[in-house]
Amino acid sequence: VTVDVLHNRDLGAVIASFGPEDKAIVTAMAQEMVETKWPTRWLEPNYAQLMEHHFFRGMDVGCMTEIVEQMCQRRHVFLAGSSIFQEGGEGRDMHILFVGSATVLVAGEQVSELSVGDLFGEIAVLGAAARRTATVRAAETCMTISILKEDFISILTRYPGEQQRLERCVQDRLEEVSTVKLHTLPLFEKCQRAFCDTLADRMTTKTFMPEETIMRQGDTGTDMYVLSRGSVSVEQGGQHVIDLQAATVVGEMAALGVERRRNATIRCRTVCICAIASREDLVSTLEEFPEEREMFETVCAARNDVKLRERLMRLPLIASCSRTFLTTLSNQLRSKIVLPGHSIVKQEVPGDAMILLDFGTADAFMEGEHVWTVNPHDEGDTWGELNVLGQETQYHLTLKANTVCHVRYLPYLVFQRTTKLFSADAALIETRLPQRIVELRSRLTS
């Protein structure tokens, strides 16, 4: 007797060559066979295997039995290459793979494989995401059993405590599949692993659906987002600029306080999972790692160099000086990040530098009393002009950061050395110097 055997994957390859109409006919035939000719007992999964799955582990046996019995009433056949469900589609049911194998894709890229006995779609039936967070595609002809969301919730109402346990389980699962290795990202690649791990532990996870807006241009914001799964589009002025993929950081300048408003709109193209760090998370972590704080000072300085020249042009003493002089001077400034609650300068402490607040807000105190709050848009956002001019040797007030502050320092010797290189600018400053000293002393006594 000669027996020809056609394996599942071979059958899938044959069916893949069919046209749409023929595929629909084959699928309908297989579905009818599964629904009418296969006894339910043939479909019963291995309960011992299911109990090892993260979703069922620890579940009340009666609850699990009801769920599986309900699932055995809904049977499905999927031909090789067809989607069991699509990323971004409505999440209405949960499946157990009974025959065949499947691939899981996020933003078009394969992230894992499923085999017989695997369960998927649990995130949707628990309402953790209104839409599918991934595509599941049959690698060969597959058969699944499933349960609708409403039937699943109905069963859970009979088992108090199971719903909360499963919600925690799904949240853990979301965090597990979206774990971000910060040390692999360009922004953090020079940071210590301990810094990255500490910050990652403080971050929260959030899922966004297709077309959902993560941030909107012009809105205020203080959070940093790390895209761990999915794809987003970046828009400025209503125009598409670029698409960004997973392992991208957005909003880091807002978290550091460099930017007060979002400079772009970030919109999800697919289901996206983001790890989110608040400004408090980032600041507290920088407090613990001085080396990383210095590194971020350099990043902030680079982002603000153009703005800095514009700021220098507003200072009365050097307004109208040449662009070359201002550029040279700005390149000589030292920069420092000052965290909330720390002093930028202290009253009666010796110093010869002028201080420029690049971003952030700070409180000014005299004799321990609060006198005003300043930010980079105020006229009084520089201090120590008399010191840099050699007219004073101590600071007359205490400045304390109440947000993350990026501060620039212009020491006396640097200022003197730079002005000597530009005779025309030095002459202009010299003519303004007497009047400016009078103005500054008047401000101190007012």
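The second largest cavity has a volume of about 50 Å³, and it belongs to a predicted model. A cavity here is a set of points on a 1 Å grid over the protein atoms alone where a 1.4 Å probe fits but cannot get out, and lining residues have an atom within 4 Å of a point. The volume is the space filled by probe spheres set on the points, which are joined across faces, edges and corners. In this predicted model, local features need pLDDT of at least 70 and side-chain atom pairs count only at pLDDT 80 or more, while totals for chains, interfaces and linings use all residues. Residues are numbered from 1 along each chain as its sequence is written, and side-chain values use heavy atoms, with hydrogens and water left out.

**The second largest cavity**
- Its lining is made up of Ile214, Tyr225, Val226, Leu227, Val232, Thr248, Val250, Ile266 and Cys274.
- E11 gives the largest share, three residues.
- By class, eight lining residues are nonpolar, one is polar and none is charged, where Ala, Val, Leu, Ile, Met, Phe, Trp, Tyr, Cys and Pro count as nonpolar, Asp, Glu, Lys and Arg as charged, and the others, Gly among them, as polar.

- Strand E10 (residues 213-215) runs antiparallel to E15 and is joined to it by two bridges; strands pair if DSSP finds at least two bridges between them.
- Across that pairing, Thr213 stands opposite Arg267.
- E15 also pairs with strand E12 (residues 231-236), in the antiparallel sense over four bridges, and there Glu235 stands opposite Thr265.

**The largest cavity**
- Searching the whole structure gives three cavities of 30 Å³ or more, and the largest holds about 60 Å³ of space.
- Leu315, Leu317, Ile318, Met354, Glu385, Val388, Leu410 and Phe415 line the largest cavity.
- Seven of the residues in that lining are nonpolar, none is polar and one is charged.

**The whole chain**
- The chain contains 16 helices and 24 strands.
- Of its 446 residues, 49% count as buried.

Methods: Buried < 20%, exposed > 50% of the residue type's maximum accessible area, 1.4 Å probe, protein only. 1 Å grid on protein atoms, 1.4 Å probe; cavity = no way out; pocket = protein on both sides within 12 Å on 5 of 7 lines; lining within 4 Å.
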